[in-house]
Amino acid sequence: MSEWTVVSVIVVLAGLLLSLLKPLISLNSTLTRLTDTVEKLEQELAESAEKNREAHTRLWDKAAAQDEMLQAHTLQLARLEREGG
């Protein structure tokens, strides 16, 4: 093999190496950003679930209070009907 053949092979291998490294570096940075985004979404989802749980608790407490009021009114109406009836 001549010296120029060796130089040509080295240049081709260096070009091949560079052509493979650029997409790999780009892929790595994209995966890092994606990981950060997923972690942020997980955190926001957890916060949203907690707020949702609190809101449902308030709604259920309000519904229970209204059920008690409705029951009291029903008993009062039944008592009035018996007394007036």
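Reply: The accessible areas used here come from the Shrake-Rupley method with a 1.4 Å probe. In this predicted model, the protein chain exposes about 8,000 Å², and 65% of that area is supplied by carbon and sulfur atoms.

Me: What secondary structure does the protein chain have, and how many helices and strands are there?

Reply: The protein chain has one helix and zero strands. Helix 1 covers residues 3-84.

Me: Why is the protein chain called more spread out than a compact globule?

Reply: For 85 residues the globule rule gives 12 Å, while the radius of gyration of the protein chain is 36 Å, well over that value, so the chain is more spread out than a compact globule. Along the principal axes, its C-alpha atoms fill a box of roughly 120 × 15 × 10 Å.

Me: What share of the residues counts as buried?

Reply: Buried means under 20% relative accessible area. Of the 85 residues of the protein chain, 0% count as buried.

Me: What makes A49 partly exposed?

Reply: A49 has a relative accessible area of 35%. A49 has its place in helix 1, and its C-alpha atom is separated by 69 Å from that of M1, 48 residues apart along the chain.

Me: How do you know that E50 forms a salt bridge with R53?

Reply: A salt bridge needs a side-chain nitrogen of Lys or Arg within 4 Å of a carboxyl oxygen of Asp or Glu. The closest N and O atoms of E50 and R53 are 3.1 Å apart, so the pair meets the rule. Both residues lie in helix 1, three residues apart, about one turn of the helix. E50 counts as partly exposed at 35% relative accessibility.

Me: What makes R79 and E83 a salt bridge?

Reply: Their closest N and O atoms are 3.5 Å apart, and the cut-off is 4 Å, so R79 and E83 form a salt bridge. R79 and E83 are four residues apart in helix 1, about one turn of the helix. By this rule the count comes to two salt bridges.

How values were computed. Residues numbered from 1 in each chain as written. Predicted model: local features only at pLDDT ≥ 70, side-chain atom pairs only at ≥ 80, totals over all residues. Heavy atoms only, no water. Helix = DSSP H or I, 4+ residues; strand = E, 2+ residues; numbered from the N terminus. Rg over C-alpha atoms; globule rule 2.2 N^0.38 Å. Buried < 20%, exposed > 50% of the residue type's maximum accessible area, 1.4 Å probe, protein only.
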